[in-house]
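Hi,

Here is the structure I promised to pass on. Please open it first, then read the notes below it.

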Amino acid sequence: MGIHRLNHAVLYVSDLARSVAFYRDVLGFRQVEMTPDGFRGAAFLQAPDSTNDHDLGLFEIGAAAGRSTAGRATVGLYHLAWEVDTLDELAATAERLAAAGALVGASDHGSTKSLYGQDPDGLEFEIVWLVPADLLDDAALDARKRIGRLDLDRERQRYGGQTRGGVGISVSA
């Protein structure tokens, strides 16, 4: 069996409407109508440029549910990571996350440029731009061994704001 990619993720959330609004308004997901008849408390969303049936399922468990403590007090998923095509898109996403109070970090991993956010239930996610294979140099590859501060303006000067990321790595050349 060869796994090709992650097809979708399903998250438990405390307030379905609030979570749908967050993923829609901040990250651009759109709701797809595919909830089974008679099934309540679920929503299915598709990422903006996805050709996937759905990329995210949300299942409401109620307002009494506590925020995620995975990695602090319990085992569990640390984060999901979604890829954007350009550094300009990454910068625009940083602005939307910051405006929503959901941006919790930004890192330069050498071959990847990453933002970290949290949804309304404290579930963490990453938004990443991958350096295209033909632009990977020794400095970018060596920098994978440490986590640096992300300077989006510098990275856009270096690679170009509209350079399509992941080419040759996650996107066919």
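**What was found**

Tyr 23 is buried, with a relative accessible area of 1%. Buried means under 20% relative accessible area, exposed means over 50%, and partly exposed lies in between (1.4 Å probe, protein chains only). Phe 29 is buried too, at 4%.

Before going on, some ground rules. This is a predicted model: local features need pLDDT of at least 70, side-chain atom pairs count only at pLDDT 80 or more, and totals for chains, interfaces and linings use all residues. Residues are numbered from 1 along each chain as its sequence is written, and side-chain values use heavy atoms, with hydrogens and water left out.

**Aromatic pairs**

The structure holds 9 aromatic pairs. The rings of Tyr 23 and Phe 29 form one of them: their centres are 5.9 Å apart and their planes at 80°, so the pair is edge-to-face. Here is the rule: rings of Phe, Tyr and Trp (its six-membered ring) pair if their centres lie within 6.5 Å; planes under 30 degrees apart count as stacked, over 60 as edge-to-face and the rest as tilted.

Phe 44 and Phe 59 also pair edge-to-face, because their ring centres are 6.1 Å apart and their planes at 90°. This pair links distant parts of the chain. Phe 44 is in strand β3 (residues 42-46) and Phe 59 in strand β4 (residues 56-60), 15 residues apart. Phe 44 counts as buried at 9% relative accessibility. Phe 59 counts as partly exposed at 21%.

Phe 22, Tyr 23, Phe 29, Trp 82 and Phe 125 form one aromatic cluster.

**The overall fold**

The protein has 4 helices and 9 strands. Helices (H or I, at least four residues) and strands (E, at least two) are DSSP runs, numbered from the N terminus. Along the sequence, the pattern is β-α-β-β-β-β-α-β-β-β-α-β-α.

With 173 residues, a compact globule would have a radius of gyration near 16 Å; the protein has 17 Å, which agrees. That radius is taken over C-alpha atoms, and the globule rule is 2.2 Å times the number of residues to the power 0.38. Along the principal axes, the C-alpha atoms fill a box of roughly 55 × 35 × 35 Å. Buried residues make up 42% of the 173 residues.

Contact means heavy atoms within 4.5 Å. Among contacts between residues at least 6 apart in sequence, 61% join residues at least 24 apart.

**Two residues to look at**

Start with Arg 24. Arg 24 sits in helix α1 (residues 16-25). At 42% relative accessibility, Arg 24 counts as partly exposed. Its C-alpha atom is separated by 8.3 Å from that of Leu 45, 21 residues apart along the chain.

Then go to Leu 80. Leu 80 lies in strand β5 (residues 80-83). Is Leu 80 buried or exposed? At 12% relative accessibility, Leu 80 counts as buried. Which residues does Leu 80 touch, leaving aside its neighbours within four places in sequence? Leu 80 is in contact with Ala 9, Leu 11, Glu 124, Phe 125 and Glu 126. Phe 125 also belongs to the aromatic cluster. The C-alpha atoms of Leu 80 and Asp 134 are separated by 26 Å, and the two residues are 54 apart along the chain.

Best wishes
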